[in-house]
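Trainee: I want to know what stands behind the terms used for this model. Can we go through them one by one?

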Amino acid sequence: MKKTSTRLADGRELIYYDLRDDTVRDAVDRRPLERTVTTSEVRRDVLLGDAVAIASHRQGRTYHPPADQCPLCPTTGDRLSEIPDSSYDVAVFENRFPSLAGDSGRCEVVCFTSDHDASFASLTEEQARLVLDAWTDRTSELSHLPSVEQVFCFENRGRRSV
């Protein structure tokens, strides 16, 4: 596995995990993005005692885009996405509209494959192993952050997850 870390146009971290050690990652995020500003906080519901995440900056987030505008697919020509390369094995980046950020935690997006229609179940054994290696690496890295108490991985399948 080869791990390559870079930055997106707004300063968020992007990490590629590649099956091949000779893969070169030099694509640049060409989107005109300003730095992401998050204001999430965790408040206590005084009636129920539950912790509630407040993240008003998420109001402008991308929500169920059409497949041809998917921000998780690779960049192609003039269609710029969260992943500036034309293909990838596994890509991990800081969520542009995180529920938790800063002192409250960190939200990341893990993209299993550049195939828009694939799911974890459709990956080859080699690809699935790479995803597990990426999860293991990210869990280890995130667990060293003082604001992170738990790492929770899940697969969001778009409309089917609602």
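Mentor: First, the ground rules. This is a predicted model, where local features need pLDDT of at least 70, side-chain atom pairs count only at pLDDT 80 or more, and totals for chains, interfaces and linings use all residues. Residues are numbered from 1 along each chain as its sequence is written, and side-chain values use heavy atoms, with hydrogens and water left out.

Trainee: Why is the pair Arg-12 and Glu-82 called a salt bridge?

Mentor: The term asks for a side-chain nitrogen of Lys or Arg within 4 Å of a carboxyl oxygen of Asp or Glu. Here N and O are 2.7 Å apart, so the pair qualifies. The structure holds 15 salt bridges.

Trainee: What makes Arg-12 and Glu-82 a link between distant parts of the chain?

Mentor: They are 70 residues apart. Arg-12 sits in the loop between strand E1 (2-7) and strand E2 (13-18), and Glu-82 in the loop between strand E4 (51-54) and strand E5 (90-94). Strands (E, at least two residues) and helices (H or I, at least four) are DSSP runs, numbered from the N terminus.

Trainee: How do you know whether Arg-12 and Glu-82 are buried or exposed?

Mentor: Buried means under 20% relative accessible area, exposed over 50%, and partly exposed in between (1.4 Å probe, protein chains only). Arg-12 has 4%, so it is buried. Glu-82 has 6%, so it is buried too.

Trainee: Which salt bridges does Arg-31 make?

Mentor: Arg-31 meets Asp-29 at 2.8 Å, N to O. Arg-31 also bridges to Glu-82, with the closest N and O atoms 2.4 Å apart. Asp-29 is at 11% relative accessibility, so it counts as buried. Arg-31 is also at 11% and therefore buried.

Trainee: Which residues does Glu-13 touch?

Mentor: Contact means heavy atoms within 4.5 Å. Leaving out residues up to four places away in sequence, the partners of Glu-13 include Ser-5, Val-92 and Arg-138. With Ser-5 there is a side-chain polar contact of 3.1 Å. Glu-13 lies in strand E2. Its relative accessibility is 17%, so Glu-13 is buried.

Trainee: How do you know that E1 and E2 pair?

Mentor: Pairing takes at least two bridges found by DSSP. E1 and E2 have six, in the antiparallel sense, so they pair. Lys-3 stands opposite Tyr-17 in E2.

Trainee: Why are E1 and strand E6 (108-111) called edge strands?

Mentor: The open sheet has four strands in the order E1-E2-E5-E6, with antiparallel pairing. E1 and E6 each pair on one side only.

Trainee: Where does helix H1 (residues 125-142) lie?

Mentor: H1 lies across E1, E2, E5 and E6, at about 140 degrees to E2. Axes are lines fitted to C-alpha atoms, for helices over the stretch in contact, and angles run from 0 to 180 degrees between N-to-C directions.

How values were computed
Polar contact = N/O pair within 3.5 Å; in protein donor to acceptor, adjacent residues only side chain to side chain.
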